[in-house]
Amino acid sequence: MTKPTILAVDDDPAVSRAIVRDLRVRYGGDYRIIRATSGAEALAVVAELILRDRSVALVASDQRMPKMTGIQMLEEVRRQAPDAKLLLLTAYADTDVAIKAINDIGLDYYLLKPWDPPERRLYPIIDELLDDWRKANPDH
């Protein structure tokens with residue numbers, strides 16, 4: 001059986017590398033960690049995973065990206081992979097948008113950037129989201 005996927009989406013190369021690094025440290029043994037640098041690229045990755053019958057456990061996305069916001073992208077992910085957990089990485093200025101997305105698209109959680117130290121600010125949230133995902137998807 002293949003590992004379920006965690007997809008990290010951020011257009012800033014430094015932030016993208018940081019989130020993928022932090023995710024691999026904690027979750028790389030049990031999950032396939034993939035990154036995308038735009039909403040369009042992320043949606044193509046999700047579509048490919050679904051086509052190959054691969055599980056998408058979590059998508060963590062930055063809100064502010066060119067051409068497509070994180071919420072717009074996550075809304076489409078919700079349609080393509082309804083069981084995936086959705087995490088929005090956002091700045092304080094976007095918290096109202098994130099709160100609205102909880103009701104509008106079923107956003108599971110939003111997290112303010114930066115998430116340092118990940119042991120306190122990132123991993124507990126993702127642990128909880130992945131626990132919920134595993135309970136709903138016991139075959140994985």
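Y123 is buried, with a relative accessible area of 3%; buried denotes under 20% relative accessible area, exposed over 50%, and partly exposed in between (1.4 Å probe, protein chains only). The model is predicted, so local features need pLDDT of at least 70 and side-chain atom pairs count only at pLDDT 80 or more, whereas totals for chains, interfaces and linings use all residues. Residues are numbered from 1 along each chain as its sequence is written, and side-chain values use heavy atoms, with hydrogens and water left out.

The structure holds 2 aromatic pairs. Rings of Phe, Tyr and Trp (its six-membered ring) pair if their centres lie within 6.5 Å; planes under 30 degrees apart count as stacked, over 60 as edge-to-face and the rest as tilted. Y27 and Y31 form an edge-to-face pair, at 6.5 Å centre to centre and 80 degrees between the planes. Y27 and Y123 also form an edge-to-face pair, at 5.9 Å centre to centre and 80 degrees between the planes. Y27 lies in helix α1 (residues 13-27) and Y123 in helix α6 (residues 123-136), so this pair ties together parts that are 96 residues apart in sequence. Helices (H or I, at least four residues) and strands (E, at least two) are DSSP runs, numbered from the N terminus. Y27 is buried, with a relative accessible area of 6%, and Y31 is buried as well. Y27, Y31 and Y123 form one aromatic cluster.

In helix α4 (residues 95-104), T95, A98 and A101 are buried. These residues lie on the same side of α4, because they cover an arc of only 115 degrees around the axis, the arc being that of the directions from the helix axis to the C-beta atoms. The buried residues of α4 pack against α3 (70-80), β4 (85-90) and β5 (109-112), where contact means heavy atoms within 4.5 Å. The face of α4 turned away from the buried side carries the exposed residues D96, K100 and N103. Just after α4, G106 takes a positive phi of about 75 degrees.

Strands β4 and β5 run parallel and are joined by 4 bridges; two strands pair if DSSP finds at least two bridges between them. L89 stands opposite L111 in β5. Together, β4, α4 and β5 make a right-handed β-α-β unit. A crossover is right-handed if, with the strands pointing away from the viewer, the path from the first strand over the helix to the second runs clockwise.

D53 lies in the loop between α2 (39-51) and β3 (56-62) and is exposed, with a relative accessible area of 72%.
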